[in-house]
Amino acid sequence: MSVSRMLPFIFLTVLSLLTVLGHLYLYRRLVRDTSPLRRWRRAAGGALWGLGALMLGSAMTARVLPPGGLRPIFFLGWMWMAAAAYLLLILWLVGGARLLARLGQRGRSAPPPSEAASPPAAASEERRQFLARSAAGGALLVTGGFVGYGTWRAFHPPVVNRIAVRLPGLPKALDGFTLVQVTDIHVGPLIQRRFMDAMVEQCNALKPDAVCITGDLVDGSVPALAPSVSALANLRSRYGSFFVTGNHEYYSGDEEWAEALERMGITVLRNRHVSVGEPGASFDMVGVDDWAAQRSGFPRKYDLERALAGRAPERASVLLAHQPSNWRVAAQKGIGLQLSGHTHGGQFFPFTLAVGAMWEHDAGHYEENGRHLYVSRGTGFWGPPVRVAAPPEIVQVTLLAS
């Protein structure tokens with residue numbers, strides 16, 4: 001079996017293992033520790049494991065089932081993933097604090113046995129259950145706050161982040177040229193036509209000279225998602241819209257989506273470049289396939305050399321690359337600005353911290369030696385419809401002549 005076909009299997013295997021272990025812990029802290037009643041344990045435990053199974057089912061079937069009528073099921077499954085993550089984090093923190101407190105008490109000098117008073121067993125059990133219920137109730141309240149806010153933020157209009165970049169070699173006639181970048185939209189069971197229409201309207205209001213779509217546009221097939229994605233045909237800009245693949249296009253049919261987007265009037269850049277502007281004043285828009293494809297056995301993969309072939313290195317250039325990988329190499333080859341996404345900026349706390357630790361360039365604007373990289377947090381979301389401490393964004397880039 002090829003690596004590309006094994007990736008979803010590996011992902012689901014790891015997710016299944018984490019789900020089982022996590023739900024065993026949640027059952028212990030939220031159900032078993034809070035009440036000795038068998039009826040409660042059976043009902044609450046059944047609901048907990050049912051939500052876990054629904055979460056796994058949503059992850060396994062998101063790309064293969066039609067999104068329309070199953071939207072509420074996907075929504076509940078993905079929401080539970082976010083809620084379970086917050087519950088685990090909060091309960092671990094509470095459990096860790098209690099463990100540290102007990103260790104601190106043991107470190108103190110204990111009174112003589114004759115002076116030590118042992119509380120009655122019933123009182124001790126009551127206190128244990130009170131603490132367990134307090135921890136569970138507090139965790140549920142805090143989780144509800146985080147998930148509620150995060151869901152509101154995920155489905156509301158993305159913020160518009162504006163940056164100005166001095167692009168080496170840009171002709172004076174193109175000073176002030178504006179690019180609008182959207183990325184990681186993840187059209188699928190939860191993001192559909194209504195979201196896309198609102199996003200297109202927001203982009204058009206910025207009156208861009210060109211629109212850049214830097215991958216992970218879809219999670220599903222062309223027949224299932226084309227009615228929603230076709231909203232992109234309504235994008236309006238002076239020089240058109242440009243697209244490069246992300247890793248999720250490979251899971252969803254990269255060749256089929258490339259053809260579908262071309263039919264919608266979007267220029268698909270698969271390891272090639274095109275000139276943008278007028279005959280006397282232009283720059284190169286360069287696009288590469290997703291970085292991860294070269295490690296996954298796909299026939300079409302990241303090829304910067306091919307994308308740059310035949311290009312005059314002194315010309316101004318913008319590279320569209322889904323992942324912020326290989327930026328410094330691209331800069332050495334004459335790329336003045338790279339626009340990327342992929343990281344989602346972590347999407348929601350505390351994963352924001354993990355992504356920040358994993359990626360050198362996880363979100364925002366970076367500059368080295370006059371060369372620029374912008375990593376967008378993404379315009380939609382993947383998996384849980386939650387955005388906390390990493391709001392979705394549309395990026396407006398103003399290019400300035402050197």
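Two residues are said to be in contact, and hence to pack against each other, when heavy atoms of theirs lie within 4.5 Å. With that in hand, helix 8 of this predicted model can be read from its covered side: the buried residues of the helix, which spans residues 254-263, are Asp 254, Trp 257, Ala 258, Ala 260 and Leu 261. These residues lie on the same side of helix 8, because the arc they cover around the axis is only 165°. The partners against which the buried residues of helix 8 pack are helix 6 (222-229), strand 4 (241-243), helix 7 (247-252) and strand 5 (267-268). After helix 8 comes Gly 265, a residue with a positive phi, near 90°.

Of the 402 residues in the protein, 50% are buried. Among the contacts between residues at least 6 apart in sequence, 76% join residues that are at least 24 apart. The accessible surface comes to about 18,900 Å², and carbon and sulfur atoms account for 61% of that area.

Strand 7, made of residues 281-287, is a covered element, since 7 of its 7 residues are buried, where buried means under 20% relative accessible area. Ala 281, Phe 283, Met 285 and Gly 287 point one way from strand 7, whereas Ser 282, Asp 284 and Val 286 point the other way, and the residues of both sets are buried. Strand 7 pairs with strand 6 (residues 272-278) in the antiparallel sense over 7 bridges, and the two form a hairpin with 2 residues between them. Within this pairing, Arg 272 has Gly 287 of strand 7 as its bridge partner. Strand 7 also pairs with strand 8 (residues 317-320), here in the parallel sense and over 4 bridges, with Ser 317 of strand 8 as the bridge partner of Asp 284.

As a general rule, most residues other than glycine have a negative phi, and most peptide bonds are trans. Asp 184, however, has a positive phi, near 50°, and lies in the loop between strand 2 (177-182) and helix 5 (193-205). With a relative accessible area of 0%, Asp 184 is buried. Asn 326 likewise has a positive phi, near 65°, and its place is in the loop between strand 8 and helix 10 (327-332). The peptide bond that joins Phe 349 and Pro 350 is cis, with omega about 10°, and Pro 350 lies in the loop between strand 9 (337-340) and helix 11 (351-358).

Terms used
Residues are numbered from 1 along each chain as its sequence is written. This is a predicted model: local features need pLDDT of at least 70, side-chain atom pairs count only at pLDDT 80 or more; totals for chains, interfaces and linings use all residues. Side-chain values use heavy atoms; hydrogens and water are left out. Buried means under 20% relative accessible area, exposed over 50%, partly exposed in between (1.4 Å probe, protein chains only). Two strands pair if DSSP finds at least two bridges between them. Accessible areas come from the Shrake-Rupley method with a 1.4 Å probe; for residues, only the protein chains shown count as cover. The arc is that of the directions from the helix axis to the C-beta atoms.
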